[in-house]
Structures are given as C-alpha cells and as structure tokens.
Amino acid sequence: MNLKTKSKQIIEVDGLKFKDLNNNGVLDAYEDWRLSSRERAENLVSLMNIDEKVGMLMINQFGMGKAKKEGENTEILDEVFEKADGTPMKSLDKYPMTETIEKLHMRHFILRDNMPNEDINEWVNKITKWLRQLV
C-alpha cells in the first residue's frame, strides 16, 4: 500500500505504515487501520475531553467573509465577532471562525452562502488547514 500524507508524519510498525494523526510518534489505537472501526472510535473518544466531545455534537451555520456586504470583510474565513441583538435570527453571539473551531471545538458547519465553487473550495481548504494545525 502506498500511504501519502500532506501534513502528518508516517509511522512504520511491523513493516506497515500508519498516519501519525496526533504527531506523538507512537501508533495509537485510533490510528491503527488494522483495528475495527468500533475499537478505533472507542479509543479516540476515550482520549477526548468533554469540550471536544460536545463540540463534535454541535453544528452551526457559518458564512464566508467574502459573502458580507461590500467593504465589510473580504477574507474567505469570517473572523468578525458579532454581538447578539436579541432578534430571532441573531439571538446568540457569533464568534470568529477560527475561535469557533479552536475554543468551542466545533467541527460541523452549514454554509448557506451562494458563492462560486472556487471560493467554497478555498473556504473548505482553509478550515481543513486550520484544523490540522490544532491536532
């Protein structure tokens, strides 16, 4: 098998190759593709703290900075904090994208912006890159 990775190291154990997903230089059970999905999932969940577990259960709608009104924000990731105003559509504070990922441990987002495919690809790639830095 030809294993490739863009941002993680490869560990070799018993002549087999595995991605070192947490960069600790050790083959953890959740990284071991020889184990069942259940064993791998149970191991990964056992390593997560409560905030990480809750973050995996949450989903939030998020937009692109580029989708905002002209001149407000031209970045692909929306990094603007918006205070709630009490209206039904804005009843909770909205945190910047990277803070939502890093501090709230959220990993699932609904993108409602109708943007060109190139912008959507860039948005997904930037979020993925940010997530890889956190692990």
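A residue is counted as partly exposed when its relative accessible area lies between the buried limit, under 20%, and the exposed limit, over 50%. The close-up views below show a predicted model.

**View 1. The aromatic pair of Phe-18 and Trp-33.** The model contains one aromatic pair. The ring centres of Phe-18 and Trp-33 are 5.1 Å apart and the planes meet at 25°, so the pair is classed as stacked. Phe-18 belongs to strand 2 (residues 16-20), whereas Trp-33 sits in the loop between strand 2 and helix 1 (37-47); the two are 15 residues apart and link distant parts of the chain. Trp-33 has 38% relative accessibility and therefore counts as partly exposed, while Phe-18, at 0%, is buried.

**View 2. The largest nonpolar core.** This core comprises 11 residues, among them Phe-62, Met-64, Ile-76, Phe-109 and Trp-123. Helix 3 (97-102) and helix 4 (117-134) are the elements that contribute two or more residues to the core. Ile-127, one of the core residues, is in contact with Leu-77, Met-97 and Ile-101, its neighbours within four places in sequence being left aside. In soluble globular proteins, nonpolar side chains tend to be buried together.

**View 3. Asp-14, a loop residue with positive phi.** Asp-14 lies in the loop between strand 1 (9-13) and strand 2. Phi of this non-glycine residue is near 55°. With a relative accessible area of 67%, Asp-14 is exposed.

**View 4. His-105, a loop residue with positive phi.** His-105 occupies the loop between helix 3 and strand 4 (109-111), and its phi is near 60°. Its relative accessibility is 16%, so His-105 counts as buried. Most residues other than glycine have a negative phi.

Technical notes
Residues numbered from 1 in each chain as written. Predicted model: local features only at pLDDT ≥ 70, side-chain atom pairs only at ≥ 80, totals over all residues. Heavy atoms only, no water. Phe/Tyr/Trp six-rings, centres within 6.5 Å; stacked < 30°, edge-to-face > 60°. Helix = DSSP H or I, 4+ residues; strand = E, 2+ residues; numbered from the N terminus. Buried < 20%, exposed > 50% of the residue type's maximum accessible area, 1.4 Å probe, protein only. Core = buried A, V, L, I, M, F, W, Y, C linked by side-chain atoms within 4.5 Å. Contact = heavy atoms within 4.5 Å.
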